[in-house]
Amino acid sequence: MAPTLLILLWATGILQVDLLPDKKLVLLPPVNFTIEVAGLSQALLRWEPNPDQEGRNVKLGYHVKISAPQEEDYETRSTESKRVTILHKGFSASVQTILWTDPSLPASSWVSADLEAPAGSPGTSVVNLTCTTNTAANNYTHLRPYQVSLHCTWLVGKEAPEDTQYFLYYRYGSQTEECQEYSKDTLKRNIACWFPRTFINSKGRDSLAVYVNGSSKHAVIKPFDQLFALHAIDRVNPPVNITAQIEGTSLSIQWEKPVSAFPMHCFDYEVKIYNTRKGYVQTEKMTTNAFTSIIDDISKYSIQVRAAVRSVCRAMGLWSEWSQPIYVGNDEQKPLTEWFLIVLMATICFLLLIFSLICRICHLWTKLFPPVPAPKSNVKDFFVTTHYEKTGSNETEIEVISYVEEPGFEVLEDSVF
């Protein structure tokens with residue numbers, strides 16, 4: 001038993017010694033390093049191990065350094081690498097051989113390759129390329145209950161001839177599509193594109209690549225490509241089915257999540273409550289789909305809600321638009337019949353006031369309603385006798401009134417009563 005164990009230990013030691021790298025090992029650079037376009041905004045880097053490399057039993061790796069269009073540095077054991085990046089500015093990279101199991105061993109020298117920028121006249125490519133995505137319910141299939149649309153706009157290059165025509169493509173994952181619905185400017189040049197249905201996954205984390213090239217009879221139009229992070233261009237829908245109810249001084253608001261492939265727990269919400277009587281705005285942020293607030297019960301309120309995808313589900317993006325306002329409260333318009341009664345009463349009061357003033361000015365009230373005479377008493381009636389006298393040369397008339405008792409009148413009253 002003991003001799004067998006010794007033989008196994010000796011064989012294992014010999015194998016480990018063979019696997020250990022030779023400190024005198026010299027790493028040689030890779031060969032046949034090439035860079036080619038693999039798709040829209042995709043560069044494929046390929047190389048081969050140096051056929052003269054010694055130590056076939058050692059584990060080799062590769063250090064890749066990208067210098068354009070932006071710097072990037074990484075290590076890999078594979079002999080090819082696909083990178084997602086813009087290509088209208090060209091692409092440059094270098095690679096060297098490293099020992100994967102012993103980084104202390106000096107790496108090989110670098111080998112480099114370039115991908116030239118596409119041809120085109122300066123100033124002819126599109127500028128200010130912007131894109132947005134939006135999610136809608138898909139009623140055509142249960143496998144994909146939501147569909148994503150894409151809308152892109154751009155400006156014509158300053159040096160582009162008037163006959164320039166642009167064409168847009170997008171790539172998401174392995175799917176590439178060309179635009180079929182364009183909007184045009186006054187010169188009938190394409191300046192916007194609309195994809196009502198795309199292969200974009202609104203919950204995905206891949207970048208969206210958009211590529212625009214062009215044609216003209218007078219110049220070579222330089223192409224342009226751009227990468228978009230979905231969270232940065234996704235236009236989230238507002239929450240739906242918003243309801244509000246007031247009980248005393250308590251305002252309760254509820255809503256449903258936006259039309260989206262993300263579940264309920266993936267949304268942050270903001271609620272805006274506007275007091276129309278006081279002109280006061282209250283804004284609250286929350287993660288649930290319900291909110292309760294204390295209010296006064298003599299005001300009318302406008303309520304709106306908006307949403308954004310939370311960072312726990314993807315990178316934080318833009319807020320949605322505010323939902324359409326709904327109104328609750330007691331400061332509502334009075335019914336038409338109530339307004340009619342108010343106007344009628346005010347008119348009657350106004351007419352009565354005018355009539356009273358006219359009566360006061362023209363003494364019409366006394367003429368319409370003369371005072372009631374008092375009952376006759378036993379006071380004796382008198383005949384009024386008027387005498388006129390003339391004095392002096394001025395012939396001034398003096399009126400003399402005398403009261404003469406009529407005989408027999410009292411006897412007549414007594415006989416009647």
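Q: Why is Asp234 called buried in this predicted model?
A: Buried means under 20% relative accessible area. Asp234 has a relative accessible area of 8%. That value is under the cut-off, so Asp234 counts as buried.

Q: What makes Asp234 and Arg314 a salt bridge?
A: The rule asks for a side-chain nitrogen of Lys or Arg within 4 Å of a carboxyl oxygen of Asp or Glu. Here the N to O distance is 2.9 Å. The pair meets the rule, so it is a salt bridge.

Q: Why does this pair tie together parts that are 80 residues apart in sequence?
A: Asp234 lies in the loop between helix H2 (230-233) and strand E16 (240-247). Arg314 lies in the loop between strand E21 (300-309) and strand E22 (326-329).

Q: Is Arg314 buried or exposed?
A: Arg314 is buried, with a relative accessible area of 5%. The cut-off for buried is under 20%.

Q: How many salt bridges does the rule give?
A: The count comes to nine.

Q: How do you know that Arg46 and Glu36 form a salt bridge?
A: Their side chains meet at 3.8 Å, N to O. That is within 4 Å, so the pair passes. Arg46 is in strand E2, and Glu36 is in strand E1 (residues 31-39), ten residues apart. Glu36, Arg46 and Glu80 are linked in a network of salt bridges.

Q: Why are Arg46 and Glu36 called partly exposed?
A: Partly exposed lies between the buried cut-off of 20% and the exposed cut-off of 50%. Arg46 has a relative accessible area of 38%. Glu36 has 36%. Both values fall in between, so both residues are partly exposed.

Q: Why is Leu44 called buried?
A: Its relative accessible area is 9%. Buried means under 20%, so Leu44 qualifies. Leu44 lies in strand E2 (residues 42-48).

Q: Which residues does Leu44 touch, not counting those up to four places away in sequence?
A: Leu44 touches Thr34, Ile35, Glu36, Ala38, Ser81 and Lys82. The C-alpha atoms of Leu44 and Arg83 are separated by 6.5 Å, though the two are 39 residues apart along the chain.

Q: Why is Leu351 called exposed?
A: Exposed means over 50% relative accessible area. Leu351 has 52%, so it counts as exposed. Leu351 is found in helix H3 (residues 336-362).

Q: What makes the nonpolar surface patch that includes Leu351?
A: Phe350, Leu351, Leu353, Ile354, Leu357 and Ile358 make this patch of about 570 Å².

Q: What makes strands E4 and E7 edge strands?
A: The open sheet has the order E4-E3-E6-E7, with antiparallel pairing. Strand E4 (72-76) and strand E7 (111-115) each pair on one side only. The twist averages 20° from one strand to the next.

Q: How do you know that E6 and E7 pair?
A: Pairing needs at least two bridges. Five bridges join strand E6 (residues 91-99) to E7, so the strands pair. In E7, Ser112 is the bridge partner of Ser94.

Q: How many helices and strands are in the protein, and what part of its residues is buried?
A: There are five helices and 24 strands. Of the 417 residues, 33% count as buried.

Note on methods:
Residues are numbered from 1 along each chain as its sequence is written. This is a predicted model: local features need pLDDT of at least 70, side-chain atom pairs count only at pLDDT 80 or more; totals for chains, interfaces and linings use all residues. Side-chain values use heavy atoms; hydrogens and water are left out. Patches are made of residues with over 30% relative accessible area and no salt bridge: like charges are joined within 9 Å, nonpolar side chains (Val, Leu, Ile, Met, Phe, Trp, Tyr) within 5 Å. Accessible areas come from the Shrake-Rupley method with a 1.4 Å probe; for residues, only the protein chains shown count as cover. Helices (H or I, at least four residues) and strands (E, at least two) are DSSP runs, numbered from the N terminus. Buried means under 20% relative accessible area, exposed over 50%, partly exposed in between (1.4 Å probe, protein chains only). Axes are lines fitted to C-alpha atoms, for helices over the stretch in contact, and angles run from 0 to 180 degrees between N-to-C directions. Contact means heavy atoms within 4.5 Å.
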